[in-house]
Amino acid sequence: MSTQSHRKNYAHEPFTQTRNARRRVPSPRQPPIHRLAEGTLHRAIVSLPGCMCPQDEPLHERVVFFETRLLTDHPVDHLQKLLALAWCQNTNGWAKRGYIYGVANADDLYDQGLSADLDARLLELGSNGGSIRYANPVRVDLFVTPLVKIRLHEVLSSIKGAQQ
């Protein structure tokens, strides 16, 4: 069986649910999201410049997922170019000015995360008094391959449901 067809089988399998909605655990046959990536999956926080912020929000942050071909690619440079095209902005120097920060690959996020669900660890932003703080699904941007996007949407939906 080819790797590509093997990946396709995983994209549509449902997650098994535990009693606690926050502890969504993928079925044992479903690989972690980063294994579906064609390259290396990264997550970054992007703080929008004032000219891009909604009027009632002087500080607006986005959680951005994107892929690079190799782990050795320069993810920040790649993201700046990607955002320049997607958002029609000159993003040169955004990382140096602090607009792009917290860039991490999926392996690091899995290692540092606290959630019982490995995939939910990709969306963790921290913890507060024993509870895990996740990214707001409406502030997440996905610049990833289709299979990764499908799975991230599934995890985002479960987190959105748990936060309501």
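The largest pocket here has a volume of about 200 Å³. A pocket, on a 1 Å grid over the protein atoms alone, is an open set of points where a 1.4 Å probe fits, with protein on both sides within 12 Å along at least five of seven lines. The volume is the space filled by probe spheres set on the points, which are joined across faces, edges and corners. This is a predicted model, so to speak of local features takes a pLDDT of at least 70, and side-chain atom pairs count only at pLDDT 80 or more, while totals for chains, interfaces and linings use all residues. Residues are numbered from 1 along each chain as its sequence is written, and side-chain values use heavy atoms, with hydrogens and water left out.

**The pocket lining**

- Lining residues, meaning those with an atom within 4 Å of a pocket point, are Arg43, Ile45, Glu61, Arg62, Val63, Tyr101, Leu125, Arg133, Tyr134, Ala135, Asn136 and Arg139.
- By type, the lining splits into six nonpolar, one polar and five charged residues; here Ala, Val, Leu, Ile, Met, Phe, Trp, Tyr, Cys and Pro count as nonpolar, Asp, Glu, Lys and Arg as charged, and the others, Gly among them, as polar.
- E1, E2 and strand E5 (131–134) are the elements that give two or more residues to this lining.
- E2 gives the most, with three residues.

**Overall layout**

- The protein has four helices and six strands, taken as DSSP runs numbered from the N terminus (helices are H or I, at least four residues; strands are E, at least two).
- From the N terminus on, the elements read α-β-β-α-β-α-β-β-β-α.
- Buried residues, those under 20% relative accessible area with a 1.4 Å probe and protein chains only, make up 43% of the 164 residues.
- Take the contacts (heavy atoms within 4.5 Å) between residues at least 6 apart in sequence: 60% of them join residues at least 24 apart.

**The four-stranded sheet**

- Four strands form an open sheet in the order E3-E1-E2-E6, with mixed pairing; two strands pair if DSSP finds at least two bridges between them.
- Strand E3 (100–105) and strand E6 (140–143) sit at the edges with a single partner strand each, so one side of each has no neighbour in the sheet.
- Neighbouring strands are turned by 20° against each other on average, direction ignored.
- Helix H2 (residues 75–87) packs on this sheet and touches E1, E2, E3 and E6, and its direction makes about 115° with that of E2. Axes are lines fitted to C-alpha atoms, for helices over the stretch in contact, and angles run from 0 to 180 degrees between N-to-C directions.

**Strand E2 and its partners**

- Strand E1 (residues 40–47) and strand E2 (residues 61–68) pair in the antiparallel sense over eight bridges.
- Along that pairing, His42 stands opposite Phe66 in E2, and Ile45 stands opposite Val63 in E2.
- With E6, E2 pairs in the parallel sense over four bridges, and the bridge partner of Phe66 in E6 is Phe143.
- Seven of the eight residues of E2 are buried, so E2 is largely enclosed by the rest of the structure.

- E4 and E5 run antiparallel, joined by four bridges, and Gly126 stands opposite Arg133 in E5.
- Two residues lie between E4 and E5 in this hairpin, and Gly129 in the turn has a positive phi of about 60°.
- Leu114 is in the loop between helix H3 (106–112) and strand E4 (124–128), and at 55% relative accessibility it counts as exposed, the cut-off being over 50%, with partly exposed in between.
- Leaving aside neighbours within four places in sequence, Leu114 is in contact with Arg121, Glu124, Ser127 and Ile132.
- The C-alpha atoms of Leu114 and Ile132 are separated by 7.4 Å, with the two residues 18 apart along the chain.

**The loop between H2 and E3**

- Cys88 lies in this loop and has a positive phi of about 55° although it is not a glycine.
- Cys88 is exposed, with a relative accessible area of 66%.
- Asn90 has its place in the loop between H2 and E3 too, and counts as exposed at 57% relative accessibility.
- C-alpha to C-alpha, Asn90 and Gln80 are 8.6 Å apart in space, and they are ten residues apart in sequence.
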